[in-house]
Amino acid sequence: MPSKSVESLFISLFELHREPLFRFLLRRTEERELALDLVQESFHKVWMTLAKGDDIEYIKTYLYTTAIHLLIDHKRKKSAVSLDRLPEEFEQATSPADMTDHALDARSAYGMLTQLAAEDRELLLLRYESGFSPREIARLYKQSANVISVRLHRAVKKYKMILKNSDLS
């Protein structure tokens with residue numbers, strides 16, 4: 001049976017990170033139920049680690065790393081996308097209805113992110129959507145905070161160029 005301090009740590013962790021982790025996973029899965037399942041499983045794994053008495057040095061990083069690994073595992077298991085659905089998905093992503101008078105809304109801004117390399121997009125989402133510091137991202141990627149800061153700077157620069165070239169900035 002875990003101690004009361006472990007329980008209170010877990011409860012505070014859950015209350016603090018449940019919603020941000022859900023948004024983080026929802027943005028990547030675009031499926032509410034899947035995102036909820038992944039959040040639940042991520043917290044369950046953290047709970048099991050804490051209940052065993054293992055020490056977690058950077059608990060937020062551990063939680064998000066667990067969630068990312070679960071998402072990767074899910075995507076590996078997922079069957080291939082039907083070629084019949086690809087044109088529909090493409091049309092939805094580039095629909096003119098998503099843009100009004102050249103003003104970016106959240107959906108079209110996110111759509112512009114898809115033009116970045118996956119690594120750059122992930123860094124920007126971790127930093128600006130999920131609120132990770134460069135140091136926390138560095139721990140996730142097992143790189144120095146300086147390297148992550150440089151990569152973030154370059155990704156922001158690329159994103160600004162995409163916005164500028166789209167005439168929507």
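Trainee: Why is Asp120 called buried?

Mentor: Buried means under 20% relative accessible area, exposed means over 50%, and partly exposed lies in between (1.4 Å probe, protein chains only). Asp120 has 10% relative accessibility, so Asp120 counts as buried. Do keep in mind that this is a predicted model, where local features need pLDDT of at least 70 and side-chain atom pairs count only at pLDDT 80 or more, while totals for chains, interfaces and linings use all residues. Residues are numbered from 1 along each chain as its sequence is written, and side-chain values use heavy atoms, with hydrogens and water left out.

Trainee: What makes Asp120 and Lys158 a salt bridge?

Mentor: The rule asks for a side-chain nitrogen of Lys or Arg within 4 Å of a carboxyl oxygen of Asp or Glu. Here the N to O distance is 2.9 Å, so the pair qualifies under that rule. Asp120 sits in helix 6 and Lys158 in helix 8, so the bridge ties together parts that are 38 residues apart in sequence. Helices here are DSSP runs (H or I, at least four residues; strands are E, at least two), numbered from the N terminus.

Trainee: How many salt bridges does the rule give, and which residues are linked in a network?

Mentor: The count comes to 6. Arg27, Arg28, Glu122 and Glu129 form the network. Within it, Arg27 and Glu129 meet at 2.7 Å, N to O. That pair links distant parts of the chain, with Arg27 in helix 1 (residues 4-29) and Glu129 in helix 6, 102 residues apart. Arg28 also bridges to Glu129, with the closest N and O atoms 3.4 Å apart.

Trainee: Are Arg27 and Arg28 buried or partly exposed?

Mentor: Arg27, at 31%, is partly exposed, whereas Arg28, at 12%, counts as buried.

Trainee: Which residues are buried in helix 7, and what covers them?

Mentor: In helix 7 (residues 134-141), the buried ones are Glu136, Ile137, Ala138 and Leu140. Their cover includes helix 3 (59-77), helix 6 (118-129) and helix 8 (145-165), where contact means heavy atoms within 4.5 Å.

Trainee: How many helices and strands does the chain have?

Mentor: It has 8 helices and 0 strands. Of its 169 residues, 35% count as buried.
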